[in-house]
Amino acid sequence: MRRAYWTMIGAALAAFSVPAAADPLTPTGRWSANTDGFAPVPPMGWNSWNAFNSDVDEEKVLASAQALIDTRLAALGYRYVNIDDGWWLKRRQPDGRMLIRTSHFPSAATGADTSFRPLTDRLHAMGLKAGLYSDIGRNSCGQIYTPDFKNQPEGSVAEREVGLYGHVDQDIALYFKDWNFDYLKVDGCGARGLPADAARVKSGLYRALTPLVDMQSLGGSDVAGIRTLYEEVHVALHKYAADRPYVYSLCLWGAGDVRAWGKDVGNSSRTSDDIQPVWGRMLTNLDTVTHRALYAHPGSWNDPDMLFVGTGDFDEAHLTEARSHFAIWAMVNSPLIIGYDLRKLTPALLAIFGNADIVALNQDPAGNQAVLAYDSEEVQIFVKTLADGSKGVAILNRTALPAKAVLTADHLKMLATADVALRDLWSKTSQTFRGELAVTLAPHETLVFRATGSRRLANARYLSELTGSVNPAADGVVVPEADPTIYRSITPWTKTRGPGDHPQYGGWGGAEADRAPYGKVMRMAGKTFDTGIGVLANSRLEVRNAGYARFAATVGINDSGQPRSGTTVFEIWGDARLLATSRAVAFGEPAVLIEAKVTGVKIIELVARASATARPVQPAIWADAALYR
Ligand code: GLA
């Protein structure tokens, strides 16, 4: 009797007890960033939003699709044709089926149940792929934020709840199984803009939804809650679209700490608020991805938003700016989604979108986002290691004045004693240099080269050259901070009203290639290193090993850390087996060598473990980290 009683209590407790959360530093032998869906290289295509806002219709979509074919941009890779906000009419009651605005999409008028199937069939027959837009909440961005929004959903409060909230399974089945879409962008306004005291809630227009994300306050965001909602969509996509390639595009604008988890959930993740056809705003969006090369991989890309080439500061009269925007988006492995009315495409604009050499930088199979090799407010040099070991190089003049820059062999991790060959990917001219090359940049100009030379490591790769194969599974960030280096621009919609733009995107201090956290130089006990991975202690990096035999690094605490702050031990793991451990290293001590044989290992894990007393968290550096053949 007694025993039965305790067995019963034990079973009841077991049913309620939550399993202890896995220690994020424990190696798993797995690659944990997202590989579901289909985005081995950044998605390319066209989207209606930047060109037409919500005034989207079938004629415009098909004209753009036809233009992609006629201009051969489709053949170059621009395959996704994506319908953004504005397509929906209402959510039918009581069955909740989404209805399409057939006045704008006549082929969807297939009876009482409208269907996008005729349109997606047509796009597929053209050799293209089809994308659709939704929101993670009950209502869309246009409904919540745009007063004069065209094509608003109609009907009762429930009929106007067109977002996925409460309908994930039903909608994903409809969009992917029935309508046969290949791509879904999921916006987040419905989970942000409808607190009980919002004017449009109080007026009875929409139902309140307690906000999960607050763009201005990470502390005021329910990070686990918003992540769970986006994960539910991932699960539904896996259920209804696993039989074919699909793309899941997260649109949470860098809010809700998505910088830390977006790569584990979607195929691409927006890092900033909306791009505008304004130079300063393009820089703002660029800056939100610059320090995040290690958070982007085949299958999970950083997304600084769609291209605005063709419009405003990037129009026909500003081809220098248009080229810069395009080239730099290609270098940082952004999805290349055209946001221009392709019916108006001119030869000069086509030459930009159609620059096969620059598209090839973006679509390189190694999937390494460009790393910042030189940084300043005026000039930045980005370097991207390509699958064949050559490099893409972009030298960006952010200013409206001419600028001078010097590109060095060291920026390229090439020998200064041998020739470096540069091919200019705009002018298609070639030149060589030894040691360094002085260049002059026109205002807002970006020079883009493909560089070949004698690599500093002939038979090896620095880990910072392989950003697409390094995943910060745990990056040691305890309190995510906004990145103060993001350019703050005058937004066209507020002008200079109010207090101005504040840095608001989390992630400052995360893992970085060739830099210590917080953008600092890598330096230990006074010795500077120009290559390596900088991360905070209490971190775990997953590294895909493509046939290398040995891993070695010089590890320690960066001089940008704090004295009297405990010690850190560095460990190398291979497929979840411990291969090597460093001695405990403290601030101010010289870096120590750590190495291990990794022949046959698929996933190498690099763990930096701080002693229990370590406060504050120290910058832990894997300097000169490299994989050797
Ligand atoms: C948000 C997104 C944009 C666009 C609009 C549509 O602002 O960030 O990319 O989809 O919504 O309303």
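**Pockets and cysteines in a predicted model**

The second largest pocket of this predicted model has a volume of about 500 Å³. Its lining comprises 24 residues, and the closest to the centre are Q216, W493, T494, G500 and D501.

Q: What makes up the lining of the second largest pocket by class, and which domains contribute at least three residues each?
A: The lining divides into 7 nonpolar, 9 polar and 8 charged residues. Domain 1 (130-266) and domain 3 (465-628) each contribute at least three residues.

Q: Why is the link of C141 and C189 called a disulfide?
A: The sulfur atoms of C141 and C189 are 2.0 Å apart, and the criterion is a pair of cysteine sulfur atoms within 2.5 Å; therefore the pair qualifies as a disulfide. The link is right-handed, with 85° about the S-S bond.

Q: What does the pair of C141 and C189 tie together?
A: C141 lies in helix 6 (residues 141-145) and C189 in the loop between strand 6 (183-187) and helix 8 (199-202), so the pair ties together parts that are 48 residues apart in sequence.

Q: How do you know whether C141 and C189 are buried or exposed?
A: Buried means under 20% relative accessible area. C141 has 13% and C189 has 3%, so both count as buried.

Methods
Residues numbered from 1 in each chain as written. Predicted model: local features only at pLDDT ≥ 70, side-chain atom pairs only at ≥ 80, totals over all residues. Heavy atoms only, no water. Helix = DSSP H or I, 4+ residues; strand = E, 2+ residues; numbered from the N terminus. Buried < 20%, exposed > 50% of the residue type's maximum accessible area, 1.4 Å probe, protein only. 1 Å grid on protein atoms, 1.4 Å probe; cavity = no way out; pocket = protein on both sides within 12 Å on 5 of 7 lines; lining within 4 Å. Points joined across faces, edges and corners; volume = space filled by probe spheres on them. Nonpolar A, V, L, I, M, F, W, Y, C, P; charged D, E, K, R; others polar. Domains from an automatic or database assignment.
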